[in-house]
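Please look through the model below with the sequence beside it.

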Amino acid sequence: MASAVTEKFSELGIDGGFAASAPNLQRNLHLLSAEQVELAKVLVEMGQTHLFEHWDEPGVDDEEKKAFFDQVARLNSSYPGGLVSYIKTARELLSDSKAGKNPFDGFTPSVPTGETLTLGDDNFMSFEETGVKEVQKAAFVLVAGGLGERLGYNGIKVALPRETTTGTCFLQHYIETILALQDASCKLSEGECQTKIPLVIMTSDDTHSSTLELLESNYYFGMEPTQVKLLKQEKVACLDDNDARLAVEPRNKYRIQTKPHGHGDVHSLLYSSGLLNEWSDAGLRWVLFFQDTNGLLFNAIPASLGVSATRQYHVNSLAVPRKAKEAIGGITRLTHADGRSMVINVEYNQLDPLLRATGFPDGDVNCETGYSPFPGNINQLILELGPYIEELTKTGGAIKEFVNPKYKDASKTSFKSSTRLECMMQDYPKTLPPSARVGFTVMEPWLAYAPVKNNPEDAAKVPKGNPYHSATSGEMFVYRANSLILRKAGVQVANPVQHVFNGQEVEVWPRITWKPKWAVTFKEVKNKVSGSSSISQRSTLVIKGRNISVKDLSLDGAVVIDVADDKEVKVEGSVQNKGWILENVDYKDTSVPEELRIRGFRINKIEQLVKSEP
């Protein structure tokens, strides 16, 4: 047997002696292909012989042993620089963590330059029009690797209804908005327009098949299937100790334990997919990144893209005003003593101590505006494609990582549980040269920020006055934004009333919602609303067509306008009926669907006027 193994190695030009420090591996080497032996060599050289400590003799679990190396091959190929790079980086970061090294040592924070926009003023309108023209040269990237478990929902987050008046899910709303922007951009361009804006969705093992099924079962929500590309991120190996020994799966000695690496993977996936060069060849100029459950994010996109084009920003971070010490990262310029500088997101729990340590004794405090001078990062990025490709060509798409081990005690010698390296999409600017033009665009929070990320129990514990960031507040913020947009356009919209759902006190505005094809910019809203209209607080207004104008409407009840795109309809006069009412539901009541339970209410559609013909 031994001589046959030696003969096989000799034919392959392999010296099996490297495995002498891992006898169980050495005994099983003959089962492996030449590529797998090379991977075994890497593991041994990188101090990972413990992985083979409990391997059985040849003949026992041989297929599992091969499957182990299939997993190692995936971990190696999906990480820029492979496992060698991963383990080396892990050792450096774990050493810094143990030593308590501050990543911001030597840096002084200051407020970077950017634009602050107010809906409806001349500045906003100008940037918005520029952005609409530019959007036909853009690609959109949705980071959607997460399940809704943290929300108390078992499906994928993008399948959740953005609001329950129409039941439109987040993904449908995003796609329909991109299609509406595509149409609006084409109308502004000279001559014939063939633009099909690409959409990339980054998925994970947890979300990939469900995302594909959601798209296919809904005919891609009107997009051409060729416009949409799914890129699946792989997980990374877990680390057991400060020596970066890879963790073995507790229930299977032939598997390495893995966890998600973070949404920063989107950059390496785009780079390795070849899509960026395809887009460049097709004349695209912008890549817009957004996350999965902010139902208002597209209100900010056209004007922010206009800012990027006008100011020639290589990186534009979308932001909202933030209160000092609010649990949202602050966009900050960091300047090092050696002259280096960068504009990046600094997490809120790092910003205050950083300011105190660098000559700002009060730390993170509100200025005369009532807000912190450091705007709040909402994890939407607009990158200029050319400089983006140039940077990723240097880095291979690798993003500066961090490690966050939970130590057993103050000695920091062992972990409570395995850790891993993580990376964040918004840390992309950390590697940029000082010449890079990095700025931000601040939008009013009511217009652009309604994240859904907390379950009802956690949201109910949020101190009064702070945002709940729940499915309840997310839906109510959609109605608030639409009500205030119509107010800005001249409609008399009644004030909200306070109501408690799932232990959260929220403002309940009229339930106003429209399809993006009706109006995807504020200019379009203004063009379709005229005269003197009024909407009472208990009312519901649903606009589903394209060519619908609202003139001298007095609404006290529910009206749904659902007409074909080629039909023109004017909604006017007095409409009064019993309408649709919100009824409380208990989030613990399992007879109610999850997507309603997590909101704490359902809509009882008692009476409505439906207009389906001109």
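Lysine 412 is partly exposed, with a relative accessible area of 24%, where buried means under 20% relative accessible area, exposed means over 50% and partly exposed lies in between (1.4 Å probe, protein chains only). Lysine 412 sits in the loop between β13 and β14; helices (H or I, at least four residues) and strands (E, at least two) are DSSP runs, numbered from the N terminus. The phi angle of lysine 412 is near 55°, a positive value in a residue other than glycine. Most residues other than glycine have a negative phi. Tyrosine 220, in the loop between α8 (208-217) and β5 (228-232), also has a positive phi, near 55°, but tyrosine 220 is buried, at a relative accessible area of 12%.

Before going further, note that this is a predicted model, in which local features need pLDDT of at least 70 and side-chain atom pairs count only at pLDDT 80 or more, while totals for chains, interfaces and linings use all residues. Residues are numbered from 1 along each chain as its sequence is written, and side-chain values use heavy atoms, with hydrogens and water left out.

Taken as a whole, the protein has 18 helices and 28 strands. Its radius of gyration is 27 Å, close to the 25 Å that the globule rule gives for 614 residues, so the protein is as compact as a globular protein of that length; the radius is taken over C-alpha atoms, and the rule is 2.2 Å times the number of residues to the power 0.38. Along its principal axes the C-alpha trace spans about 95 × 55 × 55 Å. Of the 614 residues, 53% count as buried, and residues 24 or more positions apart account for 69% of the contacts with a separation of 6 or more, contact meaning heavy atoms within 4.5 Å.

Which residues does histidine 267 contact, leaving aside its neighbours within four places in sequence? They are Phe289, Leu383, Tyr388, Leu392, Gly397, Ile399, Met425 and Tyr428. Histidine 267 belongs to helix α9 (residues 265-273) and counts as buried, at 0% relative accessibility. Glycine 397, in the loop between α13 and β13 (402-403), is buried as well, at 2% relative accessibility. With neighbours within four places again left aside, glycine 397 is in contact with His267, Ser268, Tyr271 and Leu392. Glycine 397 and leucine 269 are 128 residues apart in sequence, yet 7.5 Å apart in space, C-alpha to C-alpha.

Rings of Phe, Tyr and Trp (its six-membered ring) pair if their centres lie within 6.5 Å, and planes under 30 degrees apart count as stacked, over 60 as edge-to-face and the rest as tilted. By this rule the count comes to 19 aromatic pairs. One of them joins phenylalanine 52 and tryptophan 55, edge-to-face, at 5.0 Å centre to centre and 80° between the planes. Phenylalanine 52 is buried at 1% relative accessibility, and tryptophan 55 is buried at 4%. The rings of tyrosine 388 and tyrosine 428 have centres 5.3 Å apart and planes at 80°, so this pair is edge-to-face. This pair links distant parts of the chain, 40 residues apart, with tyrosine 388 in helix α13 (residues 385-395) and tyrosine 428 in the loop between β14 (421-422) and β15 (438-442). Both tyrosine 388 and tyrosine 428 are buried, and both are among the contacts of histidine 267. Elsewhere, ring pairs link Phe52, Trp55, Phe68, Phe69 and Tyr254 into a cluster.
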